[in-house]
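Dear colleague,

I am passing the structure on to you with this message, and below it you will find my notes on what turned up when I went through it. Please read them with the sequence and the coordinates open beside you.

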Number of protein chains: 2
Amino acid sequence: MRVAIVGGTGDEGFGLAVRLAAEGVPVTIGSRARDRAEDAATRARERAGADAPVEGRENAEAIGDADLVFVTVPYAGQADTYRSLKDHWPDGVIVCDTTTPLASAVGGRATQVLRPWHGSAAEQARALLPKGVRLVSGFHSVGAEPLTDHPHPVDADALLCGDDAEAKVAVGELVERIPGMRWVDCGPLEMARILEPLTAALIRVNKRYGVKGAGLRFSGREGWGAT
Amino acid sequence: MRVAIVGGTGDEGFGLAVRLAAEGVPVTIGSRARDRAEDAATRARERAGADAPVEGRENAEAIGDADLVFVTVPYAGQADTYRSLKDHWPDGVIVCDTTTPLASAVGGRATQVLRPWHGSAAEQARALLPKGVRLVSGFHSVGAEPLTDHPHPVDADALLCGDDAEAKVAVGELVERIPGMRWVDCGPLEMARILEPLTAALIRVNKRYGVKGAGLRFSGREGWGAT
């Protein structure tokens, strides 16, 4: 399983790169600029271990041989990112989009959200992706700070949604490699309309309590994951 | 502290009545029909204990001498409920609205939500309440099933939002009397736009996993509650 992270120089993508590489998953950090991607890969190895299998490339090159791609870009750049990559997706690749339509994309507050025309940022991604790409949305209730804080276990669940059950399981299996994390199947892709805004709520709670690592856990069942 | 529960014959309100009465908090279950309210009070005593201080009255009478009122009605009846009670609120009373604008209000699915004109059901409540009433919104991520399952501890946090800090603390202090529960201050009332839809996500997760008690916990800090 080769993983690429488009926008892997940003906080959330960088945290994912650190965690997955630390568990031995080959990760390619993608960025618009190759030197920034390589720099992020160097920093990721400093956190995940000198032998951690992480490298940096331009986005299009990063996704070219990937089995699973996280897209972790700010909402303001999400549509352009998908448009610029439309000819580069391997057929059948799984994409996990973590975008949250924070109002900061248009100069508003990160504690407020926009309502995308398609319903959610994930559904906008669906509209911009080729049919053969298998889309999952998730990670909106997992902060970048706890992700980056390797080797401290991550005290949060990844809430995933999508219309392709196998693709959700594939992302979920990566989640389960990260110490402390579980994943919860929250239903079809349209549930991203409810899950994406949780990022704004977490930012609000972080500010209110003066912390950086607020996250969410599901309760009411011993285990979650695949049904 | 006298508590009234408008819509206390419904699942969520009934669960709150059971839990609070079981902890010795005097509770009046309100309903449009007095006999249904009294019947619910009898059933609540069967669960909470024969001495549990819970009684039933018509809604307007129930709120007349209350310090804190939970409004736990379906979204389809929310506006009419507030309109019908507008002359009955004690000045300075605290109201905790738990309404979720589920699409089932208009014949749609309980796994989908409507977008209220005011932004959220809570903000609609604000528009219909007299100025002197202190409004809090919350409990959208706490299922009726775990609430009703006294004396088993409730494995979920109450996510509260509102513009009156003291009112949030007052609701939070009631939350803390329920075994297992904590509360999290999620910011101003407008955050209800993000919190209310969580009910639909919980319903979805309950269906997906064949459970009834899915709930949410905040992680990333030892304790939550008052800041």
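Over all chains, the count of salt bridges comes to 34. One of them joins A:Asp155 to A:Arg217, with the closest N and O atoms 2.9 Å apart, and this pair links distant parts of the chain, since the two residues are 62 residues apart. A:Asp155 sits in the loop between helix H6 (144-148) and strand E7 (157-162) of chain A, while A:Arg217 belongs to strand E9 (residues 215-219) of chain A. Please keep in mind throughout that this is a predicted model.

A:Arg217 comes up again when the two chains are compared. Chain A is superposed on chain B by a rotation of 180° with 0.0 Å of shift along its axis, at an RMSD of 0.0 Å, and the two copies are therefore related as by a two-fold rotation axis. Of the residues of chain A, A:Arg217 comes closest to that rotation axis, its C-alpha being at 2.5 Å. The same surface serves both copies, in that 100% of the contact residues of chain A recur in chain B.

The loop that holds A:Asp155 is also the place of A:Pro151, which is joined to A:His150 by a cis peptide bond with an omega of about 5°. In chain B, a cis peptide bond likewise joins B:His150 and B:Pro151, with omega about 10°, and B:Pro151 lies in the loop between helix H6 (144-148) and strand E7 (157-162) of chain B. A further backbone feature is found at A:Phe139, which is not a glycine and yet has a positive phi of about 75°; A:Phe139 lies in the loop between strand E6 (134-138) and H6 of chain A. As background to these items, most residues other than glycine have a negative phi, and most peptide bonds are trans.

Turning to the packing of helices, I begin with chain B, where helix H1 (residues 11-22) and helix H2 (residues 34-48) pack at an angle of about 50° with their axes 9 Å apart, which makes H1(B) oblique to H2(B). The crossing of these two helices is right-handed. H1(B) contributes B:Phe14, B:Val18, B:Ala21 and B:Ala22 to the contact, and H2(B) contributes B:Ala40, B:Arg43, B:Ala44, B:Arg47 and B:Ala48; by type, the residues of this contact are seven nonpolar, no polar and two charged.

In chain A, the axes of helix H4 (residues 75-84) and helix H5 (residues 121-128) come within 9 Å and cross at roughly 15°. An angle under 35 degrees counts as roughly parallel, and H4(A) and H5(A) are therefore roughly parallel to each other; their crossing is right-handed. On the H4(A) side the contact is made by A:Tyr75, A:Gln78, A:Ala79, A:Tyr82 and A:Arg83, which meet A:Ala121, A:Ala122, A:Gln124, A:Ala125 and A:Leu128 of H5(A). These residues divide into seven nonpolar, two polar and one charged.

For helix H4 (residues 75-84) and helix H5 (residues 121-128) of chain B, the axes come within 9 Å and cross at roughly 15°, which makes H4(B) roughly parallel to H5(B). H4(B) passes H5(B) in a right-handed crossing.

Key:
Residues are numbered from 1 along each chain as its sequence is written. Chains are lettered from A and ligands numbered from 1 in the order in which they are written. This is a predicted model: local features need pLDDT of at least 70, side-chain atom pairs count only at pLDDT 80 or more; totals for chains, interfaces and linings use all residues. Side-chain values use heavy atoms; hydrogens and water are left out. Axes are lines fitted to C-alpha atoms, for helices over the stretch in contact, and angles run from 0 to 180 degrees between N-to-C directions. Helices (H or I, at least four residues) and strands (E, at least two) are DSSP runs, numbered from the N terminus. Angles under 35 degrees count as roughly parallel, over 145 as roughly antiparallel, 65 to 115 as roughly perpendicular and the rest as oblique. A crossing is left-handed if the near helix is turned anticlockwise from the far one by less than a right angle, and right-handed if clockwise. Contact means heavy atoms within 4.5 Å. Ala, Val, Leu, Ile, Met, Phe, Trp, Tyr, Cys and Pro count as nonpolar, Asp, Glu, Lys and Arg as charged, and the others, Gly among them, as polar. Copies are superposed by least squares on the C-alpha atoms of residues with pLDDT of at least 70 in both. A salt bridge is a side-chain nitrogen of Lys or Arg within 4 Å of a carboxyl oxygen of Asp or Glu.
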